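Here's a quick tour for anyone meeting this structure for the first time.

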Amino acid sequence: MGATGMDEYAAFKEKVRRTVYMDNLSPHVTESVIRTALDQYGTVKSVHFIPNYLGPQNIPQCALVEMEKEKQAEVVISTLSQFPFMMSGMPRPVRARAAEVEMFADRPRQPGKQIHFRWLDPADPDFEVASKLKRLAKKHATETAVMLRHQLDKEEKLAKQQGEALKANYKKYEMIDGLMADGTARRLARHYNLRVSDDAGPSTFQ
Amino acid sequence: MSHLKVKKPEEKNHGFKWGIEKGVGGKNRDIIFYESFTYEGEEYLVHDCVYFDLGQPEAFIGKLVKMFEGPTHVKKVKVVWFMRPSEIRNYLGDYEPRWNEIFLASGRGRGVSNINLVESIVGKCNVVCTSNDRRNPQASEADLRWADYFFCCHFDVRELAILDVFPDMVDGVKVEHFFNKKKEQKPLGPPNLKSNVKEQIGIPNLSSTKLKVVKAIGNTVKDDNSCSRVSSLVKESKIAPVIMSKKLHLPSENTLPGPKTSVPNSRNQHCRSSHCQVQDEVDKAEVKFTKDSLTSSAEIQPYKKRKLFLDERTSGKFDNLDHQLGQDRGINIDNQLVQVLGRTDAHRRNWFYRLPWGQRLERAQEAGSLISLDNLDASYTSAEVEDLVWHAFKEKVEAKMIEQSTFSCPCYGKALIIFKSKEAADSAIYQLTQRCLMLADGRPLIARKETLVKPAKLAAFVGHLTIDKVQHQRQNEDMKKAKSTSHASQPNSIEYDMGTEWRILQQKSDIWWKTLHERQAKEIQMVRNQLKMKCSS
């Protein structure tokens with residue numbers, strides 16, 4: 001690991017700083033959707049969808065979006081945290097935050113990093129603790145799975161609730177449209193001596 | 001021999017450079033033979049095994065037996081092929097090849113060898129011969145684990161049979177060249193290299209090279225049929241442009257099965273004559289053969305720089321590397337701190353195009369050789385994990401860290417590992433349950449078989465709402481345009497309100513994940529504190 005390793009790692013760190021991590025992405029979002037959506041904030045250099053090999057099937061996509069400049073990545077992150085940003089659907093917004101080194105599967109070695117390990121056999125005084133740590137890791141994995149389930153449930157619930165609200169809203173507008181169209185509104189207006197013609201704005205009610 | 005090498009500056013040729021000149025053709029003095037060349041930063045010597053990309057999904061594997069440049073500066077190599085089991089499946093009979101077993105093509109007939117362009121080489125391949133033939137220097141167990149492929153039988157293209165007794169000559173080349181290289185060539189101990197040096201003249205990079213006297217190409221190629229290996233149409237068509245001018249049509253012999261025989265039997269007059277010529281020149285003299293110890297063939301490469309750094313208390317026991325490597329999976333290195341060093345052949349992973357990782361994972365899952373390794377440090381790189389597995393299990397694997405994403409705990413890093421075989425994967429899992437592989441910072445590794453998640457069909461996304469009536473009109477026009485589907489919400493819409501509700505949920509979920517991860521980190525630390533060994537972090 002000589003100077004080239006150093007340079008490579010420095011270049012990689014630079015790339016990480018230029019990269020935005022996006023999640024809550026719909027499976028319909030493709031590279032071109034991301035590119036067109038973000039090109040107003042800067043040039044998108046590359047898009048990498050993080051593959052989901054082991055997680056549950058229905059978790060949202062996430063992606064690493066490399067911008068041309070660090071500044072542009074900052075703009076994307078700040079804009080997307082200011083406004084709910086919709087991609088390939090609404091109203092669930094996508095999220096963006098700064099990428100981290102560990103999000104890249106193909107990253108270069110960190111210069112100077114050393115790894116050591118040892119084999120412990122069952123007679124080793126630490127073997128029991130090690131087994132405990134293994135069990136703990138499994139417990140934590142289960143906890144994570146349960147938490148994820150919980151989150152997905154919450155999300156489904158919110159989506160359902162919003163779907164109903166939207167339907168109700170839509171029905172309301174349809175009804176108003178219908179009343180305007182079939183002349184009911186006009187008849188009522190005449191009855192109550194109100195003007196409903198188009199030139200009248202809200203001022204009519206003052 | 002008096003030919004001046006007219007070498008144009010090599011720019012667009014992937015850094016191609018010929019090595020030492022061996023001689024010119026006897027009759028056709030326009031052809032110059034060489035003993036080595038450098039291509040894409042890799043040095044290839046005569047008798048190296050190489051992957052060829054001939055337009056097939058699976059790279060072909062062959063042994064370079066000649067390399068030469070014709071009058072038009074076309075660079076070519078003559079290759080004796082190895083057959084994959086799939087290529088000769090009709091003739092396997094009850095022979096059950098291992099997954100990484102290949103067969104040396106032999107006998108007289110088409111398919112044994114042919115001439116290819118240097119440009120179709122994609123990289124070196126590490127092939128080990130496991131034949132018990134007394135002429136074959138036996139491969140060590142470590143050699144085998146490092147090998148990409150092995151062979152112990154050859155496939156006679158005339159008899160159409162798999163044979164385990166090797167003839168003296170394969171396609172006019174001494175069979176010794178197909179066996180493993182002699183042990184003394186192994187640059188395990190630098191000091192004895194010098195003794196092999198016989199002569200050092202006019203050879204670049206000699207400081208790190210050793211010379212080896214090799215009796216080259218003893219016999220000429222008498223086999224007329226050897227020039228074309230008719231494996232596939234694609235392959236043939238790729239070669240065709242080069243040999244078109246001197247192609248000779250002979251009746252097809254149909255010695256090979258299936259669609260492969262449908263290719264017209266094209267014969268390369270050009271190369272045939274060159275075989276005869278080279279014989280004249282080469283037969284007489286022993287040829288000096290350089291061997292760069294740094295780029296010597298892959299089967300011996302990995303060990304020379306590998307050292308195991310052990311605690312002082314034990315370092316004396318293990319200074320013999322051979323001893324260390326020969327051990328049964330490191331049982332005797334229990335409780336000793338081992339440092340994982342980078343392998344010298346780490347660049348191999350970039351050698352040539354392979355199947356995409358996703359597909360390789362699927363294949364490995366089918367083969368049962370896919371496992372996950374959990375409880376790694378999340379900051380490890382994929383290459384470091386590969387090194388770790390090599391040092392711990394002496395298995396060459398492909399590894400990839402799973403990226404940290406929204407729901408992953410920063411305390412745990414996980415990697416997917418593809419072993420070479422199901423047995424190796426099972427053995428690793430077994431060892432990790434029976435014993436414990438502890439990283440220096442107090443992480444016992446956990447391995448298990450994984451089942452990959454099939455990519456979800458494009459279902460509706462939770463949280464994206466549509467109004468049925470509106471949807472149909474919209475989808476046709478607007479939805480196709482990506483831009484119209486992405487926008488920042490404005491505060492005067494119902495969409496904005498609903499979007500904000502999602503934001504709140506996202507914030508909440510961030511908090512509960514953070515709480516969970518903090519608690520987990522604390523729990524881990526508490527247990528880790530009970531360890532008697534000292535942790536490095």
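Let's start where the two chains meet: chain A brings 90 residues to the contact and chain B brings 103. Keep in mind that this is a predicted model. Between the two chains, about 9,300 Å² of area is buried, and carbon and sulfur atoms give 61% of that.

**Where chain A meets chain B**

- Three residues stand out on chain A's side: A:F117, A:R118 and A:W119 supply 12% of the area that chain A buries against chain B, more than any other three residues.
- As for polar contacts, there are 40 residue pairs between chain A and chain B, with both residues at pLDDT 80 or more.
- Several elements of chain A give two or more residues to the side that touches chain B, among them β1 (19–25), α2 (31–38), β6 (115–120) and α4 (127–181).
- Which element gives the most? That's α4(A), with 29 residues on the side of chain A that touches chain B.
- Sorted by class, that side of chain A has 45 nonpolar, 22 polar and 23 charged residues.

**A strand pairing across the chains**

- β6(A) pairs with strand β26 (residues 436–439) of chain B, running in the antiparallel sense over four bridges.
- One of the partners to look for is B:C436 in β26(B), which is the bridge partner of A:L120.

**Salt bridges between the chains**

- How many salt bridges are there between chain A and chain B? The count is five.
- B:E523 makes a salt bridge with A:K139, and their closest N and O atoms are 3.3 Å apart.
- B:E523 also meets B:R519 in a salt bridge, this time at 3.2 Å from N to O.
- Those two chain B residues both sit in helix α12 (residues 494–528) of chain B, four residues apart, or about one turn of the helix.

**Salt bridges within chain A**

- Over all chains, the salt bridge count comes to 34.
- A:E70 and A:R17 form a salt bridge, with 3.5 Å between the closest N and O atoms.
- This pair links distant parts of the chain, because A:E70 is in helix α3 (residues 70–82) of chain A and A:R17 is in helix α1 (residues 3–18) of chain A, 53 residues apart.
- Both partners are partly exposed: A:E70 has a relative accessible area of 32%, and A:R17 has 45%.
- A:K45 and A:E66 form another salt bridge, where the closest N and O atoms are 4.0 Å apart.
- Here, too, distant parts of the chain are linked: A:K45 lies in strand β2 (residues 44–49) of chain A and A:E66 in strand β3 (residues 61–67) of chain A, 21 residues apart.
- A:K45 is partly exposed, with a relative accessible area of 46%, whereas A:E66 counts as buried at 8% relative accessibility.
- Salt bridges that share partners join A:K45 and A:E66 with A:E14 and A:R18 into one network.

Key: Residues numbered from 1 in each chain as written. Chains lettered and ligands numbered in written order. Predicted model: local features only at pLDDT ≥ 70, side-chain atom pairs only at ≥ 80, totals over all residues. Heavy atoms only, no water. Salt bridge = Lys/Arg side-chain N within 4 Å of Asp/Glu carboxyl O. Buried < 20%, exposed > 50% of the residue type's maximum accessible area, 1.4 Å probe, protein only. Contact = heavy atoms within 4.5 Å. Buried area = accessible area lost by both parts, 1.4 Å probe. Polar contact = N/O pair within 3.5 Å; in protein donor to acceptor, adjacent residues only side chain to side chain. Nonpolar A, V, L, I, M, F, W, Y, C, P; charged D, E, K, R; others polar. Pairing = 2+ DSSP bridges.
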